[in-house]
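User: I am new to this structure and would like a close look at one part of it, the salt bridges. Please start with the chain as a whole, then go through the pairs, and finish with the backbone and the surface.

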Amino acid sequence: ETAGYLCQDRWGACRFPVGFGRPELPEERQVHQLDARTGASLKFTLLNRQGRVWTLIAGGGASVVYTDTICEYGFAKELANYGEYSGDPPEEFVYEYTKIILSVMTSSPEPYGKVLLIGGGVANFTDVASTFKGIVKALKEFGAALKACGTTVWVRRGGPNYAEGLAKMKSACEEIGIPAQVYGPEAHLTSIVRDALAAQKGAVPPAMPEPVVKIPAGGATKPAACQHLMEFSAETQAFVYGMQVKAVQRMLDFDTLCGRKTPSVAAMINPTGEATFEKFLFGSADVLIPVYTSLAEAVERHGKAPKMLVSFASFRSVFSATMEALQFSEVIKSQAIIAEGVPEALTRRLHFEANQRGVAIIGPATVGGMMPGRFRIGNAGGAVENLLLAKLYRPGSVGYTTKSGGMSNELNNIVALNTDGVREGIAIGGDRWPGVRFLDVLLRFEADPNIKMMVLLGEVGGREEYLVAEALEDGRLTKPLVAWCCGTAAEAFDYEVQFGHAGARARDVEETAGAKNRAMAKAGAHVPRSFDEFGDLIAAVHKALVKAGAIVVANEPPVPKLPSDYDALKKKGLVRKPANFVCSISDDRGPEPTYAGVPISEIAKDEQLGVGGAISLLWFRRKLPVYVSKFIELCIVTTADHGPCVSGAHNTIVAARAGKDLVSSLISGLATIGPRFGGALDEAARMFSEALDRNWSPEKFVEKCKEVIMGIGHRVKSLDNPDARVVLIKEYAKTHFPATPLLDFALAVEQITTKKKASLILNVDGCIAVCFVDLLRGCGDFSRSEADELVKNGVLNGLFVASRTLGLVGHFLDQRRLKQPLYRHPYDDVTYLDS
C-alpha cells in the first residue's frame with residue numbers, strides 16, 4: 001500500500017494505510033446551500049457518492065480540521081462529503097440538512113460498511129440538544145437504510161446541553177440498532193476520526209515523539225510591534241457599539257465569575273435610538289448601563305480611563321463607526337470589529353488610520369478575545385457552561401491566538417484539558433486583512449511574564465505564519481510555541497478549495513497549510529504531525545515546562561457560581577411558579593404563531609376560513625363550520641360603518657382633525673360604544689332569549705317590555721322601506737342555519753310592534769343578535785350553557801367593536817386624505833343658557 005496522500009508528501013513516511021485498499025474512486029462535486037432564514041449556515045458539498053466516510057460537522061473551523069484529519073489518516077479518496085452547519089440553526093433545519101446527507105449516503109450499498117462522523121467543537125451558544133434532535137429524527141427515518149449500509153456512528157460534541165444531546169444520540173442509535181460511540185468535550189476534537197479510521201485493519205498510529213522544549217532565559221521586554229493593544233486588568237472597561245444586550249449580559253456574567261467589583265461595560269452606543277438606560281444583572285443585583293446616541297457623549301462622560309470599543313456595527317456601517325472611534329484615540333486604545341464581510345479596501349484603510357493613531361484593531365470577523373479572571377471581549381468564550389468547563393474564571397500560563405471564532409472556544413477547552421489554563425486568547429478574525437496579526441499577538445505574549453508558552457492555530461491562505469517563523473529564527477520569539485495550520489486537506493484535492501473564512505484560500509503553493517506548517521517547524525515551533533496530535537503536543541510541552549520549573553501550577557480555586565437565570569432553570573424543569581397570565585387562544589413561542597393550535601400559515605392557505613375563521617379560532621377556540629365563518633364575515637361587512645354622523649365616527653373625525661394619530665382617534669371613537677350606541681346587540685340578545693326560554697308569546701313579550709325593546713326600531717326604515725342589511729342577514733340565516741327559533745320569535749314581535757308604528761322594525765342590531773344566538777345554540781359546536789355564557793360575556797358587543805373598527809379607521813384615513821383642518825363646533829348649533 002502507498003503512503004497517505006498528505007502523509008508521504010509532508011512527512012516522507014507511511015504512517016497509516018490508504019483508504020480500505022480499494023481502487024481510486026471517481027469524484028463528483030455538487031454543492032447544496034440550504035435556505036436558512038434564521039441566519040444559520042447549512043452547507044453540503046458532495047465529493048464522492050461512493051466514499052465510505054461521511055461527516056455531519058458543526059462549525060466552519062471544526063469542519064476544516066475534521067476534513068484535515070480524515071485526509072491525514074490517508075482517507076482523502078474515501079471522504080464522501082464536506083460541509084458544516086452553524087449559527088444555532090433550528091431543529092427542523094438540521095433535520096432537513098441531515099436528510100439530504102443521509103439520502104445520498106444510503107443511496108448506494110456498501111459491502112465494506114460506512115462511517116458517519118457527527119462532530120463539532122465546543123459550541124459557543126448553539127443548543128446542542130436541540131440540534132441533535134433534528135439529527136436524531138433524520139437518523140430514525142433512515143434507520144433501515146443505515147443498517148443496510150453497515151453504518152457505524154461516531155459522535156463528539158460540547159457546548160450548552162451537550163450531555164442531553166449525546167444521551168439522545170446514543171439512545172437513538174441503540175433503538176435503530178447501529179453501533180455508536182459518543183464523546184463529550186473531555187475528548188480531543190478529532191478523536192473520533194482516530195478511533196473510527198486509524199484503527200482500520202489493525203493500523204495504530206505510532207507514538208508521538210517527545211518534544212525537545214527550550215526554556216527561555218526570561219527578562220523579555222515589551223516589543224514595539226505589539227500594535228498598541230491595551231493591557232487588560234480587572235478594572236478595564238469597554239464601550240459596546242450597538243444594542244447587543246445579550247453580549248453585554250454575557251460580559252457581565254463573566255465579570256461575576258471572575259469576582260470583578262465593577263462591570264466591564266461602561267456604556268452602550270445606539271446611534272439609531274435614544275439616550276436611556278438598559279437594565280442588566282450584575283451577579284444577583286440589577287445594574288443600569290447608560291445608552292448614548294453618540295460615541296462622543298460616551299467618551300465625554302466616561303473617558304477618564306482608557307477604554308476598549310467592542311463594535312457590533314454591521315459590515316455596512318462599521319467603517320464610519322470605526323473612523324469615528326479613531327477620533328478618540330486618547331481614550332479608545334483598542335477596538336474589536338465583530339462584523340464579517342467588510343470590504344477589503346475599507347479594511348486596509350482602517351488599519352492604516354489606526355496605526356497612525358496608535359490604536360489596535362482586532363478583526364474584522366473576530367469573536368473577540370478572552371483574558372481569564374480579568375476581561376472578556378464580547379461573546380468570546382461562549383456560554384457560561386463553557387467558561388466553567390475551560391476554567392476561564394482564573395488565569396493560567398498559556399497564550400493562544402487563532403483566526404476562527406468557533407475554534408477559539410475549542411482552544412479554550414484544549415488548553416484547559418492539557419495545561420494549567422489560558423492566560424490570554426485572541427481571535428484575530430478570519431478576513432484576509434486582519435488588524436492585529438498573529439505576530440503582534442505572539443510578541444505581546446512574549447513580553448508578558450505571566451505567559452510561559454504560546455499556541456497558534458492558523459489556517460490555509462495568507463502569509464501570517466511566515467512572519468511568525470521569521471520571528472522564531474531571529475530570536476524575537478523565544479517562548480515555546482505549539483503551532484498548527486489548518487486546511488491541509490486542500491492539498492488532497494485537484495481543484496481549488498475555499499474554506500469558511502474569507503482569507504482561508506491558498507493563492508500560491510506557499511500559502512498552503514502544509515507549506516506553512518513546514519516553515520514553522522523548521523523555525524523551531526512545535527508542530528504536530530496532524531491536528532489530532534495538537535492537544536497531546538500542547539500537553540507534552542506544558543509538562544516539560546512544569547518539570548523544568550518554568551511553570552508552577554497554582555492551587556485550583558473553588559469553582560465560582562453564577563446565579564442561575566429563572567428562564568434557564570425553568571427550561572431544565574428545576575423551578576416553577578404560577579403564571580400571572582393565562583392564554584388559551586394563541587401561542588407565539590414556536591416557529592410560527594398559532595390560533596387555537598392552528599398555525600397561521602394553515603389559516604392563510606385555507607380559503608374557507610378567512611377572517612371569520614380566524615375570529616372563530618380566537619374567540620371560540622375551535623374551527624366552526626364554513627357557514628358560521630361566512631356569517632361572521634357578513635355581520636362585519638354589514639356593520640362596519642354607519643356614516644359620519646353617529647357618535648363613534650363623529651369622535652374619530654374630530655380627533656383626526658385635531659391632529660391626533662390613528663390609534664388615539666380610533667380610541668376616541670370606540671369609547672362611545674355603550675348602551676346608547678352599539679350596545680343594543682347584547683341587550684337585544686338577552687331580552688329575546690329570556691322571553692323565548694320562558695315560553696312567552698310575542699304578545700306577552702311586547703306587553704312586558706312596555707316601552708323599549710332593544711333591537712327594535714329604526715329612524716327611517718320600515719316594513720315598506722326595509723333595511724337591506726337586515727334582509728341580507730335574515731336570508732342568510734334562513735338559508736344556512738339548521739334552525740332559527742329566536743329569529744322567528746323576533747319577526748313575530750316585529751309584526752306586533754309595526755302595527756303600533758311603521759318604523760318599529762327589527763333593526764340590524766336586533767337581527768344580528770337573535771341570529772347569532774340561533775347560530776351558537778344550533779350549530780352543534782357549543783353546549784347550551786357555553787352558548788349562553790358567550791352571549792353573557794359580550795361576544796356580540798365584541799362583534800360590533802371588531803366591525804366598527806374598520807369603519808372608524810376608514811374615517812380617520814379619509815380626513816387625513818382630504819387634509820381637513822381643526823374642527824370647531826359652530827356657535828349657532830349651540831344653545832347658550834343664562835345661569
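Analyst: Buried residues make up 54% of the chain, which has 835 residues in total. This is a predicted model. The average pLDDT is 89, and 91% of the residues score at least 70. Residues 1-26 fall below 50 in pLDDT. Even so, that stretch has 72 contacts in the model beyond near neighbours in sequence.

Now the fold as a whole. The chain contains 30 helices and 23 strands. Its radius of gyration is 36 Å, while the globule rule gives 28 Å for 835 residues, so the chain is more spread out than a compact globule. Along the principal axes, the C-alpha atoms fill a box of roughly 115 × 75 × 50 Å. Among contacts between residues at least 6 apart, 77% join residues at least 24 apart.

Side chains of opposite charge can pair when their charged atoms come close. The structure holds 32 salt bridges.

Start inside a helix. E96 and K99 form a salt bridge through their side chains, with 3.7 Å from N to O. Both residues belong to helix α3, which covers residues 91-105. E96 and K99 are 3 residues apart, so about one helical turn separates them. How open to the surroundings are the two partners? E96 is partly exposed, because its relative accessibility is 37%. K99 is partly exposed as well, at 21%. The cut-off for buried is under 20%.

Next comes a pair that reaches across the sequence. The side chains of E556 and K391 meet in a salt bridge, at 3.9 Å from N to O. E556 sits in the loop between α17 and α18, and K391 in the loop between α12 (384-389) and β17 (398-402), so this pair ties together parts 165 residues apart in sequence. E556 has a relative accessibility of 39%, so E556 counts as partly exposed. K391, with a relative accessible area of 31%, is partly exposed. G549 is also found in the loop between α17 (534-548) and α18 (566-571). At 47% relative accessibility, G549 is partly exposed.

D723 and R725 join their side chains in a salt bridge, with 3.1 Å from N to O. D723 is buried because its relative accessible area is 6%. R725 is buried too, at 16%. Salt bridges can also share partners: E231, R374, E424 and R444 are joined into one network in this way.

For another buried site, look at T190. T190 is in the loop between β7 (180-183) and α7 (191-198). Its relative accessible area is 0%, so T190 is buried. Which residues touch T190, leaving aside neighbours within four places in sequence? They are V65, Y66, T69, F531 and D532.

The backbone has some points to note. G363 and P364 are joined by a cis peptide bond, with omega at about 5 degrees. P364 is in the loop between β14 (360-362) and β15 (368-371). A365 is in the loop between β14 and β15 as well. A365 is not a glycine, yet its phi is positive, at about 60 degrees. A365 counts as buried, because its relative accessibility is 13%. D88 also has a positive phi, near 55 degrees, and is a residue other than glycine. D88 lies in the loop between β4 (81-86) and α3. At 37% relative accessibility, D88 is partly exposed.

Last, the surface. The chain exposes about 37,200 Å², and carbon and sulfur atoms supply 53% of that area. L662, V663 and I667 make up a nonpolar surface patch, with about 260 Å² of accessible area together. V663 belongs to helix α23, residues 662-670.

Key. Residues are numbered from 1 along each chain as its sequence is written. This is a predicted model: local features need pLDDT of at least 70, side-chain atom pairs count only at pLDDT 80 or more; totals for chains, interfaces and linings use all residues. Side-chain values use heavy atoms; hydrogens and water are left out. Patches are made of residues with over 30% relative accessible area and no salt bridge: like charges are joined within 9 Å, nonpolar side chains (Val, Leu, Ile, Met, Phe, Trp, Tyr) within 5 Å. Accessible areas come from the Shrake-Rupley method with a 1.4 Å probe; for residues, only the protein chains shown count as cover. A salt bridge is a side-chain nitrogen of Lys or Arg within 4 Å of a carboxyl oxygen of Asp or Glu. Helices (H or I, at least four residues) and strands (E, at least two) are DSSP runs, numbered from the N terminus. Buried means under 20% relative accessible area, exposed over 50%, partly exposed in between (1.4 Å probe, protein chains only). The radius of gyration is taken over C-alpha atoms; the globule rule is 2.2 Å times the number of residues to the power 0.38. Contact means heavy atoms within 4.5 Å. pLDDT is the predictor's confidence in each residue, from 0 to 100.
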